[in-house]
Amino acid sequence: MTNVDTRPLNADEATATYDVMIVGAGFAGMYLLHKLRGLGFTARVFDAAGGVGGTWYWNRYPGARCDVMSIDYSFSFDPELEQEWQWSEKYATQPEILRYANHVADRYDLWPDMQFETRIEAAHWNEGLGRWLVTTSAGDLVSTGHVVMAVGTLSAPKLPEIPGIESYQGATYQTQKWPHEGVDFTGKRVAVIGTGSSAIQSIPLIAAQATHTTVFQRTPNYSMPAGNRPLDPAEVATLKANYRDYRQRAKESFFGVPIEGEPKLCFEATEEERQATYQAGWDSGNLVGLIGGFADILFNKEANDTAAEFIRQQIRSIVDDPETAEALCPKDYPVGTKRPCLDTNYYQTFNKPNVRLVNLRQTPITEITPKGIKVGDEEIEVDAIVYATGFDAMTGSFTRVDIQGVGGVKLAEEWTNGPRTYLGVAMTGFPNFWAVTGPQSPSVLSNMMVSIEQHVDWITDCLVHLRDKGYTTIEAEASAQEAWVEHSNELGNQTLYPLANSWYMGANVPGKPRVFLPYIGGCGPYRERCNEVAAKGYEGFKLA
Ligand code: NA7
C-alpha cells in the first residue's frame, strides 16, 4: 500500500453519488447490480478488469475449468435463465463460463452501470455524512451509502519470494494473468512453478505443446480424475425439469451441491466397504465424491489416513517411475486440508519422456537466473517460466485497498491478527460495508454460486429493511463479531484443516497470521443462522 494516497477525502469533490457501490464485476457483482436496480436502488459496479467474469476474466491459462459441475455452478435466481442456458460439458471451460458471464450481463442489460479498468484505491467512512467516500484509479471520487466488496476470494495473485526472479531473461507468465491471445509453447523448454489447481489443470496441456516441461513441486497435491465429458441433452433435460427441487437441496446442503444419502463414519464400514466407497468416489469425478464418502474424513485423522492412502495407491498405479510416483504422493497433510484438485491426465503426464518433476523438498530452488532456475548445484535452462503460485487468498483483496472505517481505523490493521467479521459479511467499525463470500463465511468451502446468491439475497433484503424502517446506517456490534470469530475459529479447530500449510490457513503468504479463513459450518446451517439474524431484526447489528 506504499503508493496509496491515504489523505482524508473531501465530499465536496465527489464526482458521483450512489446508494450502493459494488466492487467487482464477477458473478457476485453482477447479481447484486441486477437485484439492487430491481429494488430501486442506485448502484454502480467498478472492476479493474476489462470486462465481466471476475476470476474467469483473469484465469485464462490452458485447461482452466471450474471443478464444480456446470449444472451446479450457475445462477438459480431466474428460472428462465437456467432453462435457456445450455452448458456443453460436465465441467465448463473458462471460455464457456466467461460466455455465460457475458450472457448474464447482456440479458439483464447490466453494461450501462458497470465501469471497467477501474480499481478502487481508497474507501473512507465519513462520519458527518454517514456515507463512504471512495476513490478510484480512474480519478472518480464516489459518495456512496454502502460499499459491497464483491471482490472474490482468489483475486490477489502472488508471485513466489525467490531471489533473482527479476533477472530472468526468458518469457514469464502467471496463470492468474494469462495473456488473452493465449501462448504457444511449441518448440519451447518450459518451467512450471507450483502444483496447485491451476498448475494441475495446465501442465498436461503445456506438456502437450512444449519440447520439454519441468515441473517444480514444493508440495504434492491430492488430485482425482475429473471424468469430464460432453453433457447428454436428455440427462440435462431431466435435471432441468426438476431444477427447483435440485437447487433447494443445494441450498440446504453442506457444500452447496446436493449429495445423495447420509454418509456413515469411516470405521463403521468394513475394509472392503471402505475401499469400494473410495473407488466410487475416485470414479465419480467429483471433488466431494471421495472426501464426502464418510462423514468424518475432515475431522478424524485415522479416517483421513485411509482416504489419503487410497489416493496414493492410485498415483503409484498411474505413474511409471517409482521415484517420481513417490514424489507426487502427498504424505505430510491430510487429504482435503489443502484444496484438492480434479484433473485430466495430470499424473499420466509424468510418464512422458520430456516431462520432469523436480522435488523442491529434496532440492529447493536457490535462485532464478537470467537463463533459468537453479536447484542445488544444477541450473535448469528454460525458454519460459509459468508461475502457478497462487493468491493472497480471502483477505488480500481487502487489505490491498486503503479501507478506513469509523475514526479512520484501517481494515488492514484491524485484520493484522486475522480477519474479524460478523457472519463473514460485516465488520465492526465499518458501517454500511459488506463482503460477499468474505472470510468466515462458507465461501471457498462451497459451490460459490450458491454462496454468492445467498449473500446477495441477504444483503439486499437487509438494505430494503433499512430503507423501509428509515435507518441509514448498520454496523456489526463488537460482541456479535467477537462471538462469530470465536465460533468460526472453534469449528475450524475441530477439523483437520489446521494440520496443513494451506492458503485456507493463510500459510502461503509470509507473515500472514495462521488462521483458518473460511467458515466450516456448512452452507445449509450457515444460511439458517443468517436468516435467523434477519428474522430477529438483524440481531447483533446496530441500526441507526
Ligand atoms: P494454489 O492452490 O495456492 O497453488 C499454488 C502453488 O504454488 C502451490 O503448489 C504452492 O506450493 C506453489 N508455490 C507457491 N510459492 C512457491 C515457491 N516459492 N516455490 C515453489 N512453489 C511455490 O493456487 P492455484 O492458482 O493453483 O489454485 C488456487 C485455487 O483456484 C484453487 O485452490 C481452487 O480453489 C481454484 P505449496 O503448496 O505452498 O508448497
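Reader: What makes up the shell around the ligand, by class?

Author: The shell around the ligand has seven nonpolar, eight polar and three charged residues, where Ala, Val, Leu, Ile, Met, Phe, Trp, Tyr, Cys and Pro count as nonpolar, Asp, Glu, Lys and Arg as charged, and the others, Gly among them, as polar. This is a predicted model, in which local features need pLDDT of at least 70 and side-chain atom pairs count only at pLDDT 80 or more, while totals for chains, interfaces and linings use all residues. Residues are numbered from 1 along each chain as its sequence is written, and side-chain values use heavy atoms, with hydrogens and water left out.

Reader: Which residues are the closest of those that surround the ligand?

Author: The ligand is surrounded by 18 residues, of which T195, S198, R218, T219 and K338 are the closest; a residue is near a molecule if one of its heavy atoms lies within 4 Å of it.

Reader: Why is T324 called buried?

Author: Buried means under 20% relative accessible area, exposed over 50%, and partly exposed in between (1.4 Å probe, protein chains only). T324 has a relative accessible area of 16%, and therefore it is called buried. This residue is found in helix α11, residues 322-328, and its side chain is joined to that of D321 by a polar contact of 2.5 Å.

Reader: Which residues line the largest cavity, and what is its volume?

Author: A cavity is a set of points, on a 1 Å grid over the protein atoms alone, where a 1.4 Å probe fits but cannot get out, and lining residues have an atom within 4 Å of a point. The largest cavity has a volume of about 40 Å³, and its lining consists of S74, L81, E82, W85, W87, Y100, K240 and Y243.

Reader: How many charged residues does the lining of the second largest cavity have?

Author: That lining has six nonpolar, one polar and no charged residues, with F254, F255 and P442 among them.

Technical notes. 1 Å grid on protein atoms, 1.4 Å probe; cavity = no way out; pocket = protein on both sides within 12 Å on 5 of 7 lines; lining within 4 Å. Points joined across faces, edges and corners; volume = space filled by probe spheres on them. Helix = DSSP H or I, 4+ residues; strand = E, 2+ residues; numbered from the N terminus. Polar contact = N/O pair within 3.5 Å; in protein donor to acceptor, adjacent residues only side chain to side chain.
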